[in-house]
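Subject: Structure for your review

Dear colleague,

Please find the structure below, together with its sequence. I would be grateful if you could read the notes that follow with the model open beside them.

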Amino acid sequence: MICFDREDKRFYFRSAAIILKDNKLLLNKLEQEELWYLPGGRNEFFEFSTNTLEREMKEELNELVEVERLLWVSEAFFRHEDMRYHKLTFYYKANIINDSSYVFDNDEFFTIEEDNKIIFKWFDIDDLKNENVYPPFLKNRMHDLPVAIEHIMHDDSQLELK
């Protein structure tokens, strides 16, 4: 995966999926964490970001996705525990190809990947402002998805994520 450390700094490149149903957004988190984020994962060397998303959705959800279009490119700086992060993320509108009853008929469900329990949950877009969601721009941007690719820069490196 494209992730490397230099002393107390970490860079990584990630692709994430915006998957919607009935005014709800699919988010996930590791069981032991409090922060909800978009499904996806870290890119591998020489892997197109759309292929990363397809691979990650197959690994995490056992589902095939159709990557519709790129919405946002984000550069984010933040602190977490003893590390300073520099994260580059491509956010894609994506659709699950099959009408998966496991994904679509449950408000909350989980999968296991490499001994980690990943909890998935559908969140009403109108209620995102009350949730612990990362990145924070999602809380305000899900009602009005961009028609052209937007570049988002976010620096909360002075804050520590819990």
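The notes below set out what was found, beginning with the conventions.

This is a predicted model, in which local features need pLDDT of at least 70 and side-chain atom pairs count only at pLDDT 80 or more, while totals for chains, interfaces and linings use all residues. Residues are numbered from 1 along each chain as its sequence is written, and side-chain values use heavy atoms, with hydrogens and water left out. Helices (H or I, at least four residues) and strands (E, at least two) are DSSP runs numbered from the N terminus.

Nonpolar cores

A nonpolar core is taken here as a set of buried Ala, Val, Leu, Ile, Met, Phe, Trp, Tyr and Cys residues joined through side-chain atoms within 4.5 Å. Buried means under 20% relative accessible area, exposed over 50%, and partly exposed in between (1.4 Å probe, protein chains only). The largest core has 19 residues, and Ile19, Leu26, Leu61, Ile96, Phe109 and Trp122 have the most contacts inside it. Two or more of its residues come from each of strand 4, helix 1, strand 6 (65-80), strand 7 (83-96), helix 2 (101-104) and strand 9. Another core, of 18 residues, lies apart from it and includes Trp36, Tyr91, Phe137 and Met142.

With contact defined as heavy atoms within 4.5 Å, and neighbours within four places in sequence left aside, Phe109 touches Leu26, Leu61, Tyr102, Val103, Ile118, Ile119, Phe120 and Trp122.

A salt bridge is a side-chain nitrogen of Lys or Arg within 4 Å of a carboxyl oxygen of Asp or Glu. The whole structure contains 10 of them. One of these pairs Lys117 with Glu31 (3.6 Å, N to O). Lys117 belongs to strand 9 (residues 116-124) and Glu31 to the loop between strand 4 (24-30) and strand 5, so this bridge ties together parts that are 86 residues apart in sequence. Lys117 is partly exposed at 26% relative accessibility, as is Glu31 at 43%.

Arg141 and Glu150 form a further salt bridge, with their closest N and O atoms 2.7 Å apart. Arg141 is partly exposed, with a relative accessible area of 22%, and Glu150 is partly exposed at 26%. Arg55 is partly exposed at 22% relative accessibility, whereas Glu56 is buried at 8%.

Glu47 itself sits in the loop between strand 5 (40-42) and helix 1 (49-61). Its side chain makes a polar contact of 2.7 Å with the side chain of Thr52; the term covers a pair of N or O atoms within 3.5 Å, where within protein one must be able to donate a hydrogen and the other to accept it, and residues adjacent in sequence count only if both atoms are side-chain atoms. The side chain of Glu47 also reaches the backbone nitrogen of Glu44 at 3.0 Å.

Pocket and cavity

On a 1 Å grid over the protein atoms alone, a cavity is a set of points where a 1.4 Å probe fits but cannot get out, and a pocket is an open set with protein on both sides within 12 Å along at least five of seven lines; lining residues have an atom within 4 Å of a point. Grid points are joined across faces, edges and corners, and a volume is the space filled by probe spheres set on the points.

The largest pocket has a volume of about 1100 Å³. It is lined by 33 residues, of which Arg14, Leu30, Glu33, Tyr37 and Arg42 are the closest to its centre. Helix 1 gives the most to this lining, with 4 residues.

Backbone geometry

Most residues other than glycine have a negative phi, and most peptide bonds are trans. The bond from Tyr134 to Pro135, however, is cis, with omega near 5°. Pro135 lies in the loop between strand 9 and helix 3 (138-141). Asn23 has a positive phi, near 65°, and Asn62 has one near 55°. Asn62, in the loop between helix 1 and strand 6, is exposed at 54% relative accessibility.

With kind regards
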